[in-house]
Amino acid sequence: MLTPLFDGILFVFVDDFKKGIFKEVTDWGFSLGNTDETAKEGRWAKVMAIGPDVSADDLEVGIFIYIEPLMWTKGISHDGVDVWKTDISKVMAVSHDYPK
């Protein structure tokens, strides 16, 4: 796995994400592409790796983080997994449980 530098965090999105678009599913099971409003919402993600300047008291690999809207890099594929990067200052919430 890659290791981010400094206070970086590598993550995968919890929401389905394909070709730059978050897939939204209604209560009825309909799939929708991004709307302007949903594109600008914060997103839940699962932490895959943390940089050396991120305190283990703050985050650990495998927990879920809520990231400020649009505060992540363009995704890259590494070993068949699409990952993105953000930094600790962009994390708004942390959860050990899968977010709903």
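**Strand pairing, nonpolar core and aromatic cluster**

Methionine 92 is exposed, with a relative accessible area of 51%; here buried means under 20% relative accessible area, exposed over 50%, and partly exposed in between (1.4 Å probe, protein chains only). The model is predicted, so that local features need pLDDT of at least 70 and side-chain atom pairs count only at pLDDT 80 or more, whereas totals for chains, interfaces and linings use all residues. Residues are numbered from 1 along each chain as its sequence is written, and side-chain values use heavy atoms, with hydrogens and water left out.

Methionine 92 is placed in strand β10, residues 91-95. Helices (H or I, at least four residues) and strands (E, at least two) are DSSP runs numbered from the N terminus. Leaving aside residues up to four places away in sequence, methionine 92 touches Tyr66, Ile67 and Glu68, a contact being heavy atoms within 4.5 Å. The C-alpha atoms of methionine 92 and arginine 43 lie 9.9 Å apart, although 49 residues separate the two in sequence.

The protein contains 1 helix and 10 strands, in the order β-β-β-β-β-α-β-β-β-β-β from the N terminus. Of its 100 residues, 29% are buried. Among contacts with a separation of 6 or more, 66% are between residues 24 or more positions apart. The accessible surface comes to about 6600 Å², and carbon and sulfur atoms account for 54% of this area, as computed by the Shrake-Rupley method with a 1.4 Å probe, where for residues only the protein chains shown count as cover.

Strand pairing requires that DSSP find at least two bridges between two strands. β1 and β6 pair in the antiparallel sense over 5 bridges, and phenylalanine 11 has valine 47 of β6 as its bridge partner. β6 also pairs with β7 in the antiparallel sense, over 4 bridges; here lysine 46 has phenylalanine 64 of β7 as its bridge partner.

The largest nonpolar core has 13 residues, and those with the most contacts inside it are Ile9, Phe11, Leu59, Ile65, Ile67 and Trp72. Such a core is a set of buried Ala, Val, Leu, Ile, Met, Phe, Trp, Tyr and Cys residues joined through side-chain atoms within 4.5 Å. At least two residues of this core come from each of β1 (8-13), β6 (43-50) and β7 (64-67), and β1 gives the most, with 3 residues. Beyond four places in sequence, leucine 59 touches Ile9, Ile50, Val54, Ile65, Ile88 and Val94.

Aromatic pairs were assigned to rings of Phe, Tyr and Trp (its six-membered ring) with centres within 6.5 Å; planes under 30 degrees apart count as stacked, over 60 as edge-to-face and the rest as tilted. The count by this rule is 6 aromatic pairs. Phenylalanine 11 and phenylalanine 13 form an edge-to-face pair, at 5.1 Å centre to centre and 85° between the planes. Both phenylalanine 11 and phenylalanine 13 are buried, the latter with a relative accessible area of 10%. The rings of phenylalanine 13 and tryptophan 72 are also edge-to-face, because their planes stand at 80°, with the centres 5.1 Å apart. Since phenylalanine 13 lies in strand β1 and tryptophan 72 in the loop between β7 and β8 (76-78), this pair ties together parts that are 59 residues apart in sequence. Tryptophan 72 counts as buried, at 17% relative accessibility. Ring pairs link Phe11, Phe13, Trp72 and Trp84 into a cluster.
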